[in-house]
Amino acid sequence: MKKKTYINRRQFIGLAGMVAAGMILPDISTAATLPLRKAIPKTAEKIPVIGMGTSGTFDAKGNAEMLARLQEVTQVFFDMGGGMIDSSPMYGSAEEVIGQLLPGVKGKTDLFAATKVWIEGRERGIEQMEISRQRWGIPRFDLIQIHNLVDWQTQLKTLKEMKAAGKIRYYGITTSHGRDHDELRQILQKNDFDFVQLTYNIGNREVESSLLSIAQEKGIAVIVNRPYKRGSLFRAVKGKPLPPWAGEIDCQSWGQYFLKFVISHPAVTCAIPATSKVKHMQDNMQAGRGQMPTAKQRIKMIEYFESLT
Ligand SMILES: NC(=O)c1ccc[n+]([C@@H]2O[C@H](COP(=O)([O-])OP(=O)(O)OC[C@H]3O[C@@H](n4cnc5c(N)ncnc54)[C@H](OP(=O)(O)O)[C@@H]3O)[C@@H](O)[C@H]2O)c1
């Protein structure tokens with residue numbers, strides 16, 4: 001029989017104080033509190049609503065101190081029910097660093113591996129994707145996305161062939177911070193993609209009017225990049241309190257407020273915030289738990305955010 005561990009009253013008060021002060025977060029990595037998962041429309045396969053971006057944060061080859069910290073960040077990500085990791089050959093050494101850290105993760109790694117192809121030409125595209133696969137050290141990617149529309153007609157043809165041959169499971173296309181939206185709209189309307197990745201956050205909602213609707217109509221899964229507007233959302237609310245009703249949507253931090261806003265849009269499948277800090281990863285993963293805002297509450301969230309900025 002498992003031995004129970006008791007703590008005395010003073011230890012309890014001390015721990016509760018540390019939790020309240022944000023010094024430690026409660027252990028929420030149990031199955032009972034796994035994060036919300038949403039379905040990929042084309043297959044109904046479910047993935048966790050919070051993934052992990054790696055731009056900048058994982059470009060840490062050769063930096064032993066950063067690598068040790070990122071190992072912990074990755075461990076917490078999987079411990080708290082994470083799965084989707086998004087990278088690109090554009091992000092310096094990030095793919096190599098992922099490949100270096102994955103074998104060091106203890107316990108179950110429910111990996112959904114997503115990268116991008118970011119090059120012109122068929123042969124060069126095929127070569128780049130194979131180099132990425134070797135860098136990650138995995139048998140195949142779950143998802144490969146055409147990065148920022150680069151040579152998309154050529155790469156789409158290759159990705160379709162790779163999917164038909166079972167070399168990848170899904171393909172997609174990406175853009176960010178409002179670039180190329182008109183062209184992307186036309187591409188999505190005329191072609192068949194499993195995923196689209198775009199920028200959406202409470203301070204930049206441009207995609208709501210068209211791209212998110214097209215994705216919903218055509219059954220395309222949506223990955224949201226820059227959910228924190230590259231961190232600038234935190235600077236906008238620095239020193240400002242959460243609204244008194246934040247508890248109604250289980251929000252204990254601005255990070256959770258921003259992420260819950262993004263993932264509660266019905267068209268959004270997951271968001272991929274990037275962080276180099278364990279505490280921020282815990283915060284981000286917590287956003288996938290508890291009550292999600294309703295359509296009415298989402299409007300209140302925008303109004304409150306705009307009243308502060
Ligand atoms: N075209 C494309 O395909 C494209 C373009 C852009 C981005 N992306 C993808 O999307 C991912 C996310 O975008 P992003 O990295 O540009 O920006 P982001 O996720 O919106 O913001 C990242 C910033 O937020 C901070 N942060 C993270 N969690 C936090 C928390 N809980 N509390 C306070 N600060 C927090 C991070 O700093 P700390 O390290 O200090 O936590 C970092 O400075 C990228 O990593 C990449 O994978 C794709």
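Strand S8 (residues 195–199), helix H7 (residues 211–218) and strand S9 form a right-handed β-α-β unit. A crossover is called right-handed if the path from the first strand over the helix to the second runs clockwise, with the strands pointing away from the viewer. Helices (H or I, at least four residues) and strands (E, at least two) are DSSP runs, numbered from the N terminus.

This is a predicted model, in which local features need pLDDT of at least 70, side-chain atom pairs count only at pLDDT 80 or more, and totals for chains, interfaces and linings use all residues. Residues are numbered from 1 along each chain as its sequence is written.

**The sheet**

S8 and S9 run parallel and are joined by 5 bridges; Val196 stands opposite Val222 in S9. S9 also runs parallel to S10, with 2 bridges between them, and the bridge partner of Val224 in S10 is Ala271. Two strands pair if DSSP finds at least two bridges between them.

These strands belong to an open sheet of 8 strands with parallel pairing, in the order S3-S4-S5-S6-S7-S8-S9-S10. Strand S3 (52–53) and strand S10 (270–271) are the edge strands, each pairing on one side only. Elsewhere in the sheet, strand S6 (residues 141–146) and strand S7 (residues 168–174) run parallel, joined by 5 bridges. Gln145 stands opposite Gly172 in S7.

Strand S9 (residues 221–225) is mostly covered, with 5 of its 5 residues buried. A residue is buried if 20 or more other C-beta atoms lie within 10 Å of its own, exposed if 12 or fewer, and partly exposed in between, with C-beta atoms placed from the backbone. In a regular strand the side chains alternate between the two faces of the sheet. In S9, Ala221, Ile223 and Asn225 are buried on one side, and Val222 and Val224 on the other.

**Loop residues**

Leu149 and Asn148 lie in the loop between S6 and H5. Asp250 is in the loop between helix H8 (232–236) and helix H9 (254–263). The table gives their C-beta neighbours.

| Residue | C-beta neighbours inside 10 Å | Class |
|---|---|---|
| Asn148 | 18 | partly exposed |
| Leu149 | 16 | partly exposed |
| Asp250 | 15 | partly exposed |

Most residues other than glycine have a negative phi. Leu149 has a positive phi, near 65 degrees, and Asp250 has a positive phi of about 50 degrees.

Leaving aside neighbours within four places in sequence, Asn148 is in contact with Thr174 and Thr175. Two residues are in contact if their C-beta atoms, placed from the backbone, lie within 7 Å. Asn148 and Ser176 are 28 residues apart in sequence and 7.4 Å apart in space, C-alpha to C-alpha.

**Around the ligand**

Ser176 is also among the residues that come nearest to the ligand, together with Gly53, Asn225, Gly255 and Ala274, out of 30 around it. A residue is near a molecule if its C-beta atom, placed from the backbone, lies within 6 Å of it. The shell divides into 6 nonpolar, 18 polar and 6 charged residues. Here Ala, Val, Leu, Ile, Met, Phe, Trp, Tyr, Cys and Pro count as nonpolar, Asp, Glu, Lys and Arg as charged, and the others, Gly among them, as polar. Helix H10 (residues 278–286) gives the most to this shell, with 3 residues.

**Confidence**

The chain averages a pLDDT of 91, and 90% of the residues score at least 70. Over residues 1–32 the pLDDT is below 50, and this stretch has 13 contacts in the model beyond near neighbours in sequence. pLDDT is the predictor's confidence in each residue, from 0 to 100.
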